[in-house]
Amino acid sequence: MSACISHERPKVGVGVFVTSPDYPNCVLVGVRKGPSPGSGLYALPGGHLEFGESWEECGKRETLEETGLQLRNVHYATVVNAVIKEDNYHYITLFVQGEIDTEVRKEPINREPDKCEGWIWCNWNEFPPSEKLFCPLRVVREQRYNPFTSPQPFKNES
């Protein structure tokens, strides 16, 4: 076995394209803060996939934990391989998309103020520049994925 082989493995994250009928062509974004990677950059709600959890369950849970919003019609959107070697950052990020349940709550609240500056609705066609986006979101934008026009390839049935 070579001494150069890293035993680090990529982590699995889930990002959520949160949409609202009140904000056409917009997704919810917040500015990350704190000691975590990407501090000061725009990101979607999301987090780590827990053992035994489906992508959709993770997206719903993370969105509720971070924004107080409940989602419906959650489905797989896309996946990216996000790597920043100099930061020892490597995530496989699965993106799901869901619409807020406006019968429960229409606007987000910042439930993790130690991790996020706050939430805003951002038009997909008027996004902040690439250098202001957290790595997985930047990679999605660079791949020209569009949550409003891209086909939905399959649903996770687990």
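**Note on the helices, aromatic pairs and positive-phi residues**

1. Helix H2 buries Cys135, Pro136, Leu137, Val139 and Val140. This is a predicted model. The helix itself covers residues 135–142. Its buried residues pack against four strands: S1, S3 (42–43), S5 and S6.

2. What follows H2? Arg144 comes after the helix, and its phi is positive, near 65°. That is a positive value in a residue other than glycine. Arg144 sits in the segment after H2. Its side is open to solvent by the numbers: Arg144 is exposed, with a relative accessible area of 72%.3. Helix H1 spans residues 55–67. It has 13 residues and reaches 18 Å from its first C-alpha to its last, close to the 18 Å expected at 1.5 Å a residue. Buried in H1 are Trp55, Glu56, Cys58, Gly59, Glu62, Thr63, Glu66 and Thr67. They cover an arc of only 160° around the axis, which puts them on the same side of H1. An α-helix has 3.6 residues a turn, so residues three or four places apart point the same way.

3. Several strands cover the buried residues of H1. These include S1 (11–19), S2 (26–32), S4 (46–48), S5, S6 (89–100) and S7 (116–123). Just after H1, Gly68 takes a positive phi of about 75°.

4. The count of aromatic pairs comes to 8. In one of them, the rings of Trp55 and Tyr76 have centres 5.4 Å apart and planes at 45°, so the pair is tilted. Trp55 belongs to H1 and Tyr76 to strand S5 (residues 71–84), so the pair ties together parts that are 21 residues apart in sequence. Both Trp55 and Tyr76 are buried.

5. Which residues form one aromatic cluster? They are Phe17, Phe95, Trp124, Phe127 and Tyr145. A second case involves Arg32, whose charged end sits over the ring of Phe134, 3.9 Å from its centre.

6. Asn73 deserves a look for its backbone. Its phi is near 55°, a positive value in a residue other than glycine. Asn73 is found in strand S5. It is exposed, with a relative accessible area of 58%.

7. Leaving aside neighbours within four places in sequence, Ile92 is in contact with Pro10, Lys11, Val12, Gly13, Val79, Val80 and Asn81. From Ile92 to Val140 is 48 residues in sequence and 12 Å in space, C-alpha to C-alpha. Val140 is one of the buried residues of H2.

8. On annotation, UniProt places the feature "domain: Nudix hydrolase" at residues 9–145, in an unreviewed entry. In the model, the end C-alpha atoms of residues 9–145 lie 26 Å apart. That span is 15% helix and 40% strand.

Conventions: Residues are numbered from 1 along each chain as its sequence is written. This is a predicted model: local features need pLDDT of at least 70, side-chain atom pairs count only at pLDDT 80 or more; totals for chains, interfaces and linings use all residues. Side-chain values use heavy atoms; hydrogens and water are left out. Rings of Phe, Tyr and Trp (its six-membered ring) pair if their centres lie within 6.5 Å; planes under 30 degrees apart count as stacked, over 60 as edge-to-face and the rest as tilted. Helices (H or I, at least four residues) and strands (E, at least two) are DSSP runs, numbered from the N terminus. Buried means under 20% relative accessible area, exposed over 50%, partly exposed in between (1.4 Å probe, protein chains only). A charge sits over a ring if NZ of Lys or CZ of Arg is within 6 Å of the ring centre and within 35 degrees of the ring normal. UniProt positions are given in the numbering used here, feature names are shortened, and annotations may be inferred rather than shown by experiment. The expected span of a helix is 1.5 Å times one less than its number of residues. The arc is that of the directions from the helix axis to the C-beta atoms. Contact means heavy atoms within 4.5 Å.
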